Amino acid sequence: MRDLFEQEEEGLSIPIVPGAVLLRGFANDIAQQLLGDLERVLASSPWRHMTTPGGFRMSVAMTNCGTLGWVSDRTGYRYDRVDPASGEPWPAMPATFLQLAAQAAAAAGFDRFVPDACLVNRYEAGARLSLHQDRDERDYAQPIVSASLGLPATFLFGGIRRADKSRRLSLAHGDVVVWGGPARLSHHGILPLKEGEHPLTGRCRINLTFRKAG
Ligand code: MD3
Ligand code: FE
């Protein structure tokens, strides 16, 4: 559930840091459609726990859609046209995904955002993403759009340097964040997910991250 303060922000654009805007509840009305489309993506490219280059199994389960998918294995991180689990191209990006990403980017001042990659992250209780930068994309002038669905999470974001002080932000179902400009290379992560149950996603949080990777 959204707390009282967050409820008052519903429908608002909240600046986080220069270049980053939180659109509270932006995806609320289409959440069910997004989750339905995601089921079709999962039929071809199911959830998997990737391995980091250091040999650790990621606690977050992932899949991708679009012409490029983010992949991690013992050899490193990369964007690949092919799902290594199937040997086939990733499923196409659903029209609802593309539309959400473009509309959110436009609301944050980024015109004509056409993502070619959607990384889908699934967090179950205890799953986390440690502080990192997104640096595997070709053009850092392109924003990143992220949509949160299901259980809430505490998002951690810092500065360009890993040691820079970090802030916390609670992200709830339907929240969309657009990261561009000077915020594009800031460090960020997700604290371990707390247990809970959401009517649309069950016991997990799902994050859609839209990028122009190639
Ligand atoms: C800030 N995912 O997949 S999305 C990731 O909730 C990732 O699953 C998180 O970080 C998640 O790489 C956070 C929000 C996000 C995405 C990209 C960013 C924040 C960002 C890039 C720069 C700065
Ligand atoms: Fe990231």
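Which strand does R122 lie in? R122 lies in strand β6, where helices (H or I, at least four residues) and strands (E, at least two) are DSSP runs numbered from the N terminus. Before I go on, please keep in mind that this is a predicted model, in which local features need pLDDT of at least 70 and side-chain atom pairs count only at pLDDT 80 or more, while totals for chains, interfaces and linings use all residues. Residues are numbered from 1 along each chain as its sequence is written, chains are lettered from A and ligands numbered from 1 in the order in which they are written, and side-chain values use heavy atoms, with hydrogens and water left out.

Let me stay with R122 for a moment. R122 is buried, at a relative accessible area of 17%; buried means under 20% relative accessible area, exposed over 50%, and partly exposed in between, with a 1.4 Å probe and protein chains only. The C-alpha atom of R122 is separated by 4.6 Å from that of I206, although the two residues are 84 apart along the chain.

Now to the metal. The iron ion, ligand 2, is coordinated by H132 through NE2, D134 through OD and H188 through NE2, at 2.0 to 2.2 Å, and the spacing of these donor residues in sequence is H-x1-D-x53-H. Donors here are N, O and S atoms within 2.8 Å of the metal (3.2 Å for Na, K and Ca), and water is not among the atoms, so sites may look incomplete. H132 is partly exposed, with a relative accessible area of 24%, whereas D134 is buried, at 8%. D134 is placed in the loop between β7 and β8, and its side chain makes a polar contact with the side chain of H188 at 3.0 Å. By polar contact I mean a pair of N or O atoms within 3.5 Å; within protein, one must be able to donate a hydrogen and the other to accept it, and residues adjacent in sequence count only if both atoms are side-chain atoms.

Looking at individual side chains, an oxygen atom of ligand 1 is 3.3 Å from an N or O atom of D134, an oxygen atom of the ligand is 2.9 Å from an N or O atom of R205, and a polar side-chain atom of R211 lies 3.0 Å from an oxygen atom of ligand 1. Taken alone, ligand 1 exposes 500 Å², and the protein buries 98% of that, with accessible areas from the Shrake-Rupley method and a 1.4 Å probe.

Finally, some residues in loops. T201 is found in the loop between β12 and β13; T201 is buried, with a relative accessible area of 15%, and its side chain reaches the backbone oxygen of C204 at 2.8 Å. R112, in the loop between α3 (95-107) and β6, has a phi near 55°, a positive value in a residue other than glycine, and R112 counts as exposed at 79% relative accessibility.
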